[in-house]
Amino acid sequence: MNELLIIADPHLMKECSAWLENLARERRLSEHTLDAYERDTRQFLTFMTGHLGGPTTLRDIEALRPADFRAFLAARRKEGSGARSVARNLAGIRSFLRHLEKKGLVNAAGAGAVRSPKQPKSLPKPLSDRQAITVVSNEAQLHDEPWIAARDAAVMTLLYGCGLRISEALELTPADIRTSTTTLRITGKGNKTRLVPLLTIVFEAVEKYRALCPFHLDEGEPLFRGARGGKLQPAIIQRAMQKLRSAFGLPETATPHALRHSFATHLLAGGGDLRTIQELLGHASLSTTQVYTGVDASRLLEVYDRAHPRA
């Protein structure tokens, strides 16, 4: 928030900090989301400083018209931001303005009159069954240290076998997976809890890592550790997947999160119903899960075009 010392007056800077603290405390947003909101607001206030010719004040915010917001969005597009980034920029700014309105500091109706950019329709890009099975196998891991290879395989098996987000997998503790465990209790986005079946093959992958891990794994501490014993960071798994992409000729879309997409797509292709998949993924809305029907349909069309005699 240091740049706000230049791009906003002290009162507005203080309110921006209070808004972010409120998001962290009451809405329990992730650190990644908070960083994005802070960045969105900083970019907006930086633009407004140049647009208005001086540090932005609450009075400036009050006086903003739809044309001012459109000018900011146009500047972001000119800098190369895509529709999704620009829409997120606007969402972050609106959240901040709502905070100011609730406190009676401004009436920021101008932002509400601006439409978010239309989002391009894009489908999740899952791995094929064979690719996913290869990626999560212990034999495919490229690290020379056996316990690290087992660790990476265990994490990726959790992503594919349970449909976890990488952050959810790395938040697990030894107490979450015991010998008698048949389901995982996962706390996901919005602090929502869901139950996910623990497949035997997933349990075995985790147990293999535990047996080889050189660090003592206390019940309440992180299950997955870095090379020096600290909590494993997502970037380590992302780099491991990057090496697998190179070694096995996988597409750039083969990321750790693609294993979660693969989990949902392969369940749907195998006859799973949308409601169950929605619950397993922890989606708040069924419409979010329905995107996987498009993935499955596109695969069916590919098979049809390739195999049907009259295609």
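Trainee: At what angle do helix H9 and helix H13 pack, and how far apart are their axes?

Mentor: In this predicted model, H9 (residues 146–162) and H13 (residues 256–269) pack at about 30 degrees with their axes 7 Å apart, where axes are lines fitted to C-alpha atoms over the stretch in contact and angles run from 0 to 180 degrees between N-to-C directions. Helices here are DSSP runs of at least four residues (H or I), and strands (E) of at least two, numbered from the N terminus. H9 is therefore roughly parallel to H13, a label for angles under 35 degrees.

Trainee: Which residues meet there?

Mentor: Contact means heavy atoms within 4.5 Å, and among the residues that meet are Leu159 and Tyr160 in H9 and Leu259 and Phe263 in H13.

Trainee: Switching topic, where does Lys189 sit?

Mentor: Lys189 lies in the loop between strand E1 (183–187) and strand E2 (193–197), and it touches Arg165 and Glu168, leaving aside residues up to four places away in sequence.

Trainee: Is Lys189 buried or exposed?

Mentor: Lys189 is exposed, at 62% relative accessible area; exposed means over 50%, buried under 20% and partly exposed in between, with a 1.4 Å probe and protein chains only.

Trainee: What does UniProt place at Lys189?

Mentor: The unreviewed UniProt entry places the feature "active site" there, and also at Arg165, although annotations may be inferred rather than shown by experiment.

Trainee: What should I keep in mind about the numbers?

Mentor: Residues are numbered from 1 along each chain as its sequence is written. Local features need pLDDT of at least 70, side-chain atom pairs count only at pLDDT 80 or more, totals for chains, interfaces and linings use all residues, and side-chain values use heavy atoms, without hydrogens and water.

Technical notes. Parallel < 35°, antiparallel > 145°, perpendicular 65-115°, else oblique.
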